[in-house]
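Dear colleague,

Please find the structure for your review below.

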Amino acid sequence: MELDDRRIAVSEMDDEQLQAELDKQGVVLTPHEARRIAELTGHDPTLCELHIFNVEWSEHCSYKSSRSTLQEFLCTEGPNVMLGPQEDAGIVFFTEHEGKRYGVVIAHESHNHPSQVLPNEGAATGIGGIVRDVDCMGARVFGTADPLRFGDPEGEQADRTRWIASGVVDGIWQYGNALGVPNLGGDVYFCDAFDDNCLVNVVALGIVAEEDIIHSAVPPQAAEEPYVMILVGKPTDDSGFGGSAFASKILDEQEQEEDRGAVQVPDPFLKNVLLMRKANEAVRERAKELGITIGVKDIGGGGLACGSSEISAAGGFGADIDLEQVHVGLQGLLPETIACAETQERYVLAVPKRFADEVLRIYNEDWDLPNVYEGACARVIGRITQDKQYVVRHGGKIVCDAPVEAVTSGISYEREEQPREYQGQEPEFEQPESMNETLLVVLGHKNVCSREYIYRAYDTEVQGNAVLRPGEAGAGVCRPLEGSDAAVALAVDGNPFYGLISPYWGGANAVAEAMRNVAAVGAVPSALTDCLNFGNPEKPEQFAEFREGVRGLSDAAKNLWLKGYEDTPVPIISGNVSLYNESATGSSVAPSPIIACVGVMDDYSKAVTAQFKQADDPVYLIGQRRDELGGSAYYQAFELGLGRNVPTVNWEAERGAIYGVVDAIDEGLIAAATDISDGGLAVALAEMAMGPFGRGDIGAVIEIGPALNGLRPDRALFSESGGFVVEVKRGSEERFEEVMRAYGVEPMRLGETAEDAKLEMLLEGEEFIKLTTETMADAWLNGLAKVLR
């Protein structure tokens with residue numbers, strides 16, 4: 001069979017001519033990259049090859065600008081790691097139950113560009129893709145989370161920002177609720193740095209027995225017997241064509257209409273059949289019964305070309321694909337569209353040829369896919385080969401013939417970096433006269449107020465495993481394994497305002513805060529994932545921001561340690577890099593390393609919430625207040641600028657605080673706990689008094705003098721230096737202090753909880769702040785509705 005004659009004669013064109021031809025074909029490859037393809041394949045690239053390499057060599061798929069930085073800084077191994085970041089999701093040890101070892105599967109991705117252009121579809125397909133990433137590892141998906149970053153809903157682009165935020169939230173709940181997967185948590189920030197590029201990050205969790213893990217690779221058994229490739233799911237159409245390349249380019253408002261075709265179209269009902277109704281599980285169980293090893297990979301960014309080439313290369317094999325065997329939803333599709341379209345709800349499977357007919361029967365007959373969605377089915381589309389060549393056929397011709405490693409390994413760049421010097425200074429201002437009014441203003445600010453307006457649409461109860469729901473604590477907690485008391489905690493964090501001042505401390509604080517939030521419910525921080533959202537890596541200052549952000553989160557993981565393993569980093573087991581978050585005007589997003597932390601606890605019944613529980617319990621502060629209000633909610637609320645003194649992390653003190661709180665909760669000494677972050681100590685105390693719905697009936701009387709540490713009172717109360725506020729069960733004070741001091745931490749007793757539903761703060765015995773829970777809740781509960789409606 002001869003090679004397709006629709007080729008680009010790269011050897012006959014100069015760079016200007018070649019660039020014009022690449023633009024004409026709608027690919028974002030550079031002339032250098034197009035020539036490199038010709039070198040690697042030994043011929044001028046066909047149009048289909050050009051599009052395949054366009055998506056596979058995109059930043060989104062290849063990590064061509066970031067790979068060397070990730071390899072330099074990130075620690076991905078650890079004694080509890082069952083699978084690191086080399087596949088669609090990472091796996092960390094969870095618990096042993098009935099003689100089996102179980103792991104928590106976690107994946108973390110971004111769907112930023114699609115959500116800016118088509119918010120509902122972009123966010124929905126983000127949830128769909130991340131769920132598939134976890135499912136294809138053989139896991140049962142039991143939770144999702146959604147860290148979101150939007151523009152300023154009160155700024156120059158207010159109407160567009162509100163439209164995007166509304167569409168994103170609708171897409172998440174419409175898709176996630178239909179799937180039957182509960183939302184465990186998330187966070188949201190509003191900043192004009194995201195006016196032109198919102199960030200929609202998504203996280204999914206699953207559980208799997210170690211013996212049931214399925215890898216996203218052709219099994220080694222394919223060297224001993226024939227294996228074939230099966231495509232299962234929706235019929236391929238033209239939706240999402242070029243999506244990965246689109247996710248790796250600068251957004252131009254003038255081109256957004258044509259970019260909408262690069263956004264995938266979701267169908268959660270078909271996903272429900274494939275995933276939640278256990279069609280995939282039926283195939284896995286049958287393979288297990290027969291002693292057959294299979295490989296499964298989600299088809300997401302890059303479409304079938306990406307899925308089929310990567311599953312082959314990961315196993316050390318090649319593939320021979322016949323695109324005419326692919327079930328399509330539109331007639332006359334070009335081979336490059338069939339190969340690269342990112343149609344949702346699809347998987348590829350690598351199975352022994354002798355097992356293929358049974359797999360097809362399970363999907364097409366037992367689970368009746370053709371009658372679930374028109375054109376949906378499972379079909380054999382090719383075979384696994386030993387020669388490590390990636391061959392694609394269509395219309396009697398070979399439309400791609402390239403070494404599979406050339407396709408999947410991408411191309412690597414060593415980008416220039418030029419650190420920027422931050423010019424901002426600390427504001428000079430007097431302490432406000434009314435601290436009551438000051439606290440209410442901060443509580444009502446869009447980056448502090450309750451997120452209930454967003455998460456109330458999410459189903460948090462489906463599957464019946466919820467222990468702590470969004471709003472009840474800084475981390476969601478779920479009991480995912482039937483018959484076991486072990487629980488999983490999940491927190492997501494990353495303050496973009498810190499990143500604007502210092503990308504390094506933005507990354508470090510994201511790790512520290514995520515670990516604090518997990519610790520505050522009583523779980524041991526066990527693993528991290530990162531989604532690294534930055535600007536244009538071709539600009540030296542923006543690439544330097546990226547490297548500093550990665551270095552910061554890496555240093556935090558290395559210095560905060562895995563509990564019980566001195567000098568062992570908390571492993572980073574999965575993640576994603578999202579670059580080119582920049583508009584055509586040159587405006588890039590705030591450097592935003594967003595961290596997810598998974599924690600585990602042996603007994604879910606020990607989990608604690610943030611709300612005060614009973615009167616007359618002592619209230620303690622853990623963590624000194626420092627002059628660290630740079631990027632703070634206090635400065636934002638009063639329009640004082642960013643400031644300069646971003647919170648830093650004292651590794652030893654932070655480590656001691658985190659693991660001291662974990663041990664104290666495990667011993668049953670703590671009734672309520674929360675970490676200190678946005679809004680500082682004052683907001684932490686107010687939220688503990690209010691509870692998640694503003695109806696708390698236990699208040700507190702607090703003497704703030706011990707917390708001042710030489711600072712002006714308002715600065716101490718709103719400083720965002722990391723720490724905890726805890727309610728210790730009365731009678732447990734002595735033991736609690738012993739536990740904390742064993743970690744080198746000196747807890748500060750500030751006061752007691754009280755019968756009255758109000759928060760009273762005293763300074764040397766004199767009233768400083770006194771507000772009822774009802775008054776605080778009125779500001780806090782309604783803040784988001786005021787700016788998003």
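A nonpolar core is a set of buried Ala, Val, Leu, Ile, Met, Phe, Trp, Tyr and Cys residues joined through side-chain atoms within 4.5 Å, where buried means under 20% relative accessible area (1.4 Å probe, protein chains only). The model is predicted: local features need pLDDT of at least 70 and side-chain atom pairs pLDDT 80 or more, while totals for chains, interfaces and linings use all residues. Residues are numbered from 1 along each chain as its sequence is written, and side-chain values use heavy atoms, without hydrogens or water.

The largest nonpolar core comprises 111 residues, and L349, L439, M761 and M776 have the most contacts inside it. Beyond its neighbours within four places in sequence, L439 is in contact (heavy atoms within 4.5 Å) with A682, V683, F718, M761, I769, L771 and M776. Another core, of 70 residues, lies apart from the largest one and includes A475, A520, L528 and A673.

As to cavities (sets of points on a 1 Å grid over the protein atoms alone where a 1.4 Å probe fits but cannot get out; lining residues have an atom within 4 Å of a point), the search found four of 30 Å³ or more. Of its 49 lining residues, G186, R451, A473, G474 and E687 are the closest to the centre. Strand β5 supplies the largest share of this lining, seven residues.

Yours sincerely

Note on methods. 1 Å grid on protein atoms, 1.4 Å probe; cavity = no way out; pocket = protein on both sides within 12 Å on 5 of 7 lines; lining within 4 Å. Points joined across faces, edges and corners; volume = space filled by probe spheres on them. Helix = DSSP H or I, 4+ residues; strand = E, 2+ residues; numbered from the N terminus. Buried < 20%, exposed > 50% of the residue type's maximum accessible area, 1.4 Å probe, protein only.
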